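Dear colleague,

I am passing on the structure below, together with notes on what turned up in it. Please read the notes with the coordinates open beside you.

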Amino acid sequence: MAETLRIATRKSPLALWQTEHVAARLRAAHPGLTVELLPLSTRGDEVLDRSLAAIGGKGLFLKELEVALAEGRADLAVHSLKDVPAQLDAQFTLAAILERADCADAFVSNDYASLEGLPQRARVGTSSLRRSAQLRARRPDVDIADLRGNVGTRLAKLDRGEYAAIILAVAGLQRMGFDARIRSRLAPPNWLPAPGQAAIAVETRADAARVIECVKVLDDGGTRRAVAAERALNAELGGDCTMPLGAWCETCADGTLRLRGLLGDARDGRVLRAEATGEDPAGLGREVALRLKQKGADALLRSRP
């Protein structure tokens, strides 16, 4: 395949790692293919003095990349799937979803081995309302403080003593070579990740048939099916990137899917949980959303500031 593909990416080290990973996979799959990177700065990367919820959610990491796609400056964009809104604009599609890595969150601390080992009123850093809600539910005594920046920046703040512990994604730490910083895993089913967490997504224009054909070799069917259920749950509850929602779908031994969902309140630690099994990802997402609503999800969402 003697042609060139241009990939739009954020400039953060983790985003560049993920994009280089996709580029290497594409070059290996298509000998002769030239892949070029188009690093871009997004509003989500630039505004670091306010929480993501305050400035509009994780979708802010995509806008500039999608503009590059729409204008033809890029052929595809690489994202962390957890940052991709539940509903894409009709002109775009997720042409490939790579095999998911470890979807757990990581407890990271220089002084304490686990969340349970933290002293009372310890300062814990996270930028996620989902993580904050689960933290508040398990440790209502700790002080939860906002934490923004790339992986290296967040670890540096921990090392300066600004926090007793921070919560990050296991996959991000592993991809950046920081495995040794993980003190313990906060993992399903007790602790739920963000919908799509640890999966890398490749976005293209929906009408770019040549590009879609080229990148579909990277698609992992099992991961796509599982994250489709998680994203369907998100969409059914409103598709808000700032929603304190956890979702985890696993494939059972008989091939059916089991989806667990969690909706929390970062202010008081109230947590609603529901789960269901089925074969259709979209239907499963709707079913778990309905069960959460029956437990009071709508009222909880309306009470958000």
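**Loops, a buried glutamine and the cores**

Alanine 198 counts as buried at 9% relative accessibility, where buried means under 20% relative accessible area, exposed over 50% and partly exposed in between, with a 1.4 Å probe and protein chains only. Its phi is near 80°, a positive value in a residue other than glycine, and alanine 198 sits in the loop between strand 9 and strand 10; helices (H or I, at least four residues) and strands (E, at least two) are DSSP runs numbered from the N terminus.

This is a predicted model, in which local features need pLDDT of at least 70 and side-chain atom pairs count only at pLDDT 80 or more, while totals for chains, interfaces and linings use all residues. Residues are numbered from 1 along each chain as its sequence is written, and side-chain values use heavy atoms, with hydrogens and water left out.

The loop between strand 9 (184-186) and strand 10 (200-205) also holds proline 189, which is joined to proline 188 by a cis peptide bond with omega about 5°. Arginine 121 likewise has a positive phi, of about 65°, although it is not a glycine; arginine 121 lies in the loop between strand 5 (105-108) and strand 6 (123-125), and counts as exposed at 64% relative accessibility.

Glutamine 134, in helix 5 (residues 129-138), is buried, with a relative accessible area of 3%. Leaving aside residues up to four places away in sequence, glutamine 134 touches Asn190, Trp191, Leu192, Leu262 and Arg273, contact meaning heavy atoms within 4.5 Å.

The largest nonpolar core has 21 residues, of which Leu233, Leu237, Leu259, Leu263, Val288 and Leu292 touch the most other members; such a core is a set of buried Ala, Val, Leu, Ile, Met, Phe, Trp, Tyr and Cys residues joined through side-chain atoms within 4.5 Å. At least two residues of this core come from each of helix 9 (221-236), strand 11 (245-251), strand 12 (257-264), strand 13 (271-278), helix 10 (281-294) and helix 11 (297-302), and helix 10 gives the largest share, four residues. Another core, of 19 residues, lies apart from it and includes Leu33, Ala96, Ala208 and Leu218.

For the chain as a whole, the secondary structure comes to eleven helices and 13 strands, and 54% of the 305 residues count as buried.

With best wishes
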